[in-house]
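I opened my notebook to look up a few features of this structure. Have a look at it with me first.

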Amino acid sequence: MSYVGTSKGLLEICKFGFYVAVPISLMYIFANNFDNLNKFMGKRSYVVYPEEFLTPPPPEELRGMARARKNNLRG
């Protein structure tokens, strides 16, 4: 038996049409007008790098700091 004639079948057809129409219409909006895509995506910065970062001290300096701390703890 077919449910196309009943209200439940009509609801399912409308839902399916909506699920198909929304992605197609969004693709049409953004694919045909690239300015819309730039306007939407340009406001978000996904990767933000710090302007300057501190470089770690060289190994010799780290060893000296460790020795100084070790001597301060003992004495």
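My entries below go from the overall fold to the details.

**Ground rules.** I am working with a predicted model, where local features need pLDDT of at least 70, side-chain atom pairs count only at pLDDT 80 or more, and totals for chains, interfaces and linings use all residues. Residues are numbered from 1 along each chain as its sequence is written, and side-chain values use heavy atoms, leaving out hydrogens and water.

**Fold.** I looked up the secondary structure and found three helices and zero strands. For this I took DSSP runs numbered from the N terminus, with helices being H or I of at least four residues and strands being E of at least two. Along the sequence the pattern reads α-α-α.

**Burial.** Of the 75 residues in the protein, 1% are buried. Here buried means under 20% relative accessible area, exposed means over 50%, and partly exposed lies in between (1.4 Å probe, protein chains only).

**Annotation.** I checked UniProt, whose unreviewed entry places a "transmembrane region" at residues 16–34. Its positions follow the numbering used here, feature names are shortened, and annotations may be inferred rather than shown by experiment. In the model, residues 16–34 are 95% helix and 0% strand, with the end C-alpha atoms 28 Å apart.

**Salt bridge.** How many salt bridges does a search of the whole structure find? I got one, taking a side-chain nitrogen of Lys or Arg within 4 Å of a carboxyl oxygen of Asp or Glu. Glu12 pairs with Lys15, and their closest N and O atoms are 3.4 Å apart. The two are about one helical turn apart because they sit three residues from each other in helix H1 (residues 7–32). Glu12 is partly exposed at 41% relative accessibility, and Lys15 is partly exposed at 33%.

**Helix packing.** I then looked at H1 against helix H2 (residues 34–41): they pack at about 100 degrees, with axes 4 Å apart. Axes are lines fitted to C-alpha atoms, for helices over the stretch in contact, and angles run from 0 to 180 degrees between N-to-C directions. H1 is therefore roughly perpendicular to H2, a label covering 65 to 115 degrees.

Technical notes:
Angles under 35 degrees count as roughly parallel, over 145 as roughly antiparallel, 65 to 115 as roughly perpendicular and the rest as oblique.
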